[in-house]
Amino acid sequence: TYMEAMYVECKYGKDIAYEYIDTWRGRIKNDKPMMGKRGLNDHPSTDVYYKGAFMLHTLRNLIQDEPKWIGLLQAIQTEFKHQTVTTEEFVDFIGKYLHQDYSWFFYQYLKISGVPVFVYSYDNDAAGGPVVRFRWENVMKDFKMPVFVNVNSEGWIKLEPTAEWKEYKPEVRKV
């Protein structure tokens with residue numbers, strides 16, 4: 001399913017491809033985990049197509065390196081052509097190829113039926129200065145996907161939320 005979007009991108013450009021991907025949102029049910037029970041004739045939800053494609057799109061944006069992303073897709077095809085592989089083999093291969101563990105990412109999207117929810121509040125701390133409190137909800141314990149935000153027009157900053165509350169104190173501007 002994601003390869004359809006890659007084709008649209010090659011043919012019509014990235015903006016059109018992103019619009020195309022966005023049309024899939026309404027088809028995602030989040031009714032059960034995409035990863036079924038091993039050894040059973042488990043009937044997966046159609047989420048394996050649309051949510052799975054969104055998962056790959058999210059990984060692409062997490063990697064933020066187009067040549068590496070395209071190389072990864074090609075390496076997956078070369079490594080696993082004409083084979084049946086386990087989820088663990090696939091996730092392990094990606095981690096080795098990217099030289100980084102992404103199991104926290106894959107198991108979040110494959111084993112949890114819903115999606116991660118970024119929760120935040122913007123308030124003042126005890127000293128009266130601004131503070132942003134944030135965390136992920138509906139996530140596995142080790143989920144750690146970064147989020148880029150623009151607070152007080154400071155420019156884009158990278159927050160690294162987890163399931164636990166964290167704080168960011170933006171600069172106070174003097175007028």
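In this predicted model, helix H3 (residues 47-63) packs against helix H4 (residues 66-80) at an angle of about 140 degrees, and their axes lie 8 Å apart. That angle makes H3 oblique to H4, because an angle must be over 145 degrees to count as roughly antiparallel. The crossing of H3 past H4 is right-handed. On the H3 side, the residues in contact are Leu56, Leu59, Arg60 and Ile63, and they meet Glu66, Lys68, Trp69 and Leu72 of H4. Sorted by class, the contact of H3 with H4 comprises 5 nonpolar and 3 charged residues, with no polar ones.

**The chain as a whole**

The chain contains 6 helices and 5 strands. Read from the N terminus, its elements follow the order α-α-α-α-α-α-β-β-β-β-β. Along the principal axes, the C-alpha atoms of the chain fill a box of roughly 65 × 40 × 35 Å.

The average pLDDT of the chain is 92, and 98% of the residues score at least 70. Confidence is highest in H4, at 97, and lowest in strand S3 (residues 147-150), where the mean is 89. Where pLDDT is low, the predicted coordinates should not be read in detail.

**Helix H1 and its partners**

Two packed helices are described by the angle between their axes and the distance between the axes. Helix H1 (residues 2-12) and helix H2 (residues 14-22) pack at about 150 degrees, with 7 Å between their axes. H1 and H2 are therefore roughly antiparallel to each other. The crossing of H1 past H2 is right-handed. From H1, the residues Tyr2, Glu4, Ala5, Val8, Glu9 and Tyr12 meet Lys14, Ile16, Ala17, Tyr20 and Ile21 of H2. The contact of H1 with H2 divides into 8 nonpolar and 3 charged residues, and no polar residue takes part.

H1 also has a contact with H4. The axes of H1 and H4 come within 14 Å and cross at roughly 130 degrees, so the two helices are oblique to each other. H1 passes H4 in a left-handed crossing. Tyr2, Met3 and Met6 of H1 form the contact with Trp69, Ile70 and Leu73 of H4. By class, the contact of H1 with H4 has 6 nonpolar residues, and neither polar nor charged residues occur in it.

| Helix pair | Angle between axes | Distance between axes |
|---|---|---|
| H3 and H4 | about 140 degrees | 8 Å |
| H1 and H2 | about 150 degrees | 7 Å |
| H1 and H4 | roughly 130 degrees | within 14 Å |

**A threonine in a loop**

Threonine 162 is located in the loop between strand S4 (156-159) and strand S5 (166-168). The side chain of threonine 162 reaches the backbone nitrogen of glutamate 164 at 3.2 Å. Leaving aside residues up to four places away in sequence, threonine 162 touches Arg135, Trp136 and Phe143.

How values were computed: Residues are numbered from 1 along each chain as its sequence is written. This is a predicted model: local features need pLDDT of at least 70, side-chain atom pairs count only at pLDDT 80 or more; totals for chains, interfaces and linings use all residues. Side-chain values use heavy atoms; hydrogens and water are left out. Axes are lines fitted to C-alpha atoms, for helices over the stretch in contact, and angles run from 0 to 180 degrees between N-to-C directions. Helices (H or I, at least four residues) and strands (E, at least two) are DSSP runs, numbered from the N terminus. Angles under 35 degrees count as roughly parallel, over 145 as roughly antiparallel, 65 to 115 as roughly perpendicular and the rest as oblique. A crossing is left-handed if the near helix is turned anticlockwise from the far one by less than a right angle, and right-handed if clockwise. Contact means heavy atoms within 4.5 Å. Ala, Val, Leu, Ile, Met, Phe, Trp, Tyr, Cys and Pro count as nonpolar, Asp, Glu, Lys and Arg as charged, and the others, Gly among them, as polar. pLDDT is the predictor's confidence in each residue, from 0 to 100. A polar contact is a pair of N or O atoms within 3.5 Å; within protein, one must be able to donate a hydrogen and the other to accept it, and residues adjacent in sequence count only if both atoms are side-chain atoms.
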